Amino acid sequence: MSKKTTIYVVSDSVGETAELVTKAAASQFAASHIMIKRFPFVEDTSNVEEVINLAKLDAGMIAYTLVKPEINRHMKEAAAREGITAIDILGPLMNSVSELSGELPMFEPGLVRKLDEDYFRKVEAVEFAVKYDDGRDPRGILKADIVLVGVSRTSKTPLSQYLAHKRLKVANVPIVPEVDPPEELYMVPKEKCFGLRISAEKLNEIRRERLLSLGLKDTASYATVERINEETAFFNRIAEKIGCPVIDVTNKAVEETANVILSRIHKKDFD
């Protein structure tokens, strides 16, 4: 009959890495006699001593991912003192990577989890930008971190996507004289809303090129200066009513406009 074995999984973060590796090893044995107990957020020597005492009590072993050198060292010394088997899961690998790269580790717990969370926030923001692009669903306006407002061809969509990669949820609203803007636009705090303005000459050039790329004549009203002036005047009235800052994007790349917005947001956060 197999002896019952308890493995204490110890980490200075949530312990997912240590538990996953331990489960992978345990899966090679009869699972019925191996018990895994996770001890996350072990941040000082008193926590280490608590786990050592428990492992000693039931003759268990310890698998740990403790990246802080002083806590890692204490675990190693305390386990040796009590004759407890303790496996440092990350230590040897980190040492080898350090030797190979010539760099010292940051010794910061939970970086893998932070990277994962950062990735999923970015994915969520990109999906949000797609869902609430071009005024598709006005409900997104109130959920957004940033709302972009402008006439057609002022780079609202690429700017939304660029900011989404900065983990910001962006909705954008096209301004068309024949259509009243959604009421939600006037309910958003004005510091979250940014108007995008472009010169009539530049917009005329962009729209003509757009029509030609679609195989259409560049003389359509969509690209005429008269139509553009009408749309711009309507946009100016809407932006004034909202009270939002307006950015001239005439000669700006998407990255430049994004940096203007980001700097304003960061300044607001520190005010």
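Select Asn172 and Ser160 and show their side chains: a polar contact of 3.2 Å joins the two. The model in the viewer is predicted.

The side chains of Asn172 and Asp133 are joined by a polar contact of 2.7 Å.

Next, colour by secondary structure. Asn172 sits in strand 6, which covers residues 170–174. Across the protein chain there are ten helices and eight strands.

To see the surroundings of Asn172, leave out residues up to four places away in sequence and select what it touches: Tyr132, Asp133, Asp134, Gly135, Leu148, Lys156, Thr157 and Ser160. Two of the residues already selected, Asp133 and Ser160, are in that list.

Zoom out to the protein chain. The C-alpha trace spans about 85 × 40 × 40 Å along its principal axes. Of the contacts between residues at least 6 apart in sequence, 74% join residues at least 24 apart.

Show the surface of the protein chain. Buried residues account for 37% of the 271 residues.

Finish by selecting the charged side chains. The protein chain has 38 positive and 42 negative ones, and the centres of the two sets are 2 Å apart.

Methods: Residues numbered from 1 in each chain as written. Predicted model: local features only at pLDDT ≥ 70, side-chain atom pairs only at ≥ 80, totals over all residues. Heavy atoms only, no water. Helix = DSSP H or I, 4+ residues; strand = E, 2+ residues; numbered from the N terminus. Polar contact = N/O pair within 3.5 Å; in protein donor to acceptor, adjacent residues only side chain to side chain. Contact = heavy atoms within 4.5 Å. Buried < 20%, exposed > 50% of the residue type's maximum accessible area, 1.4 Å probe, protein only. Lys, Arg positive; Asp, Glu negative; His and termini not counted. Charge placed at Lys NZ, Arg CZ, Asp CG, Glu CD.
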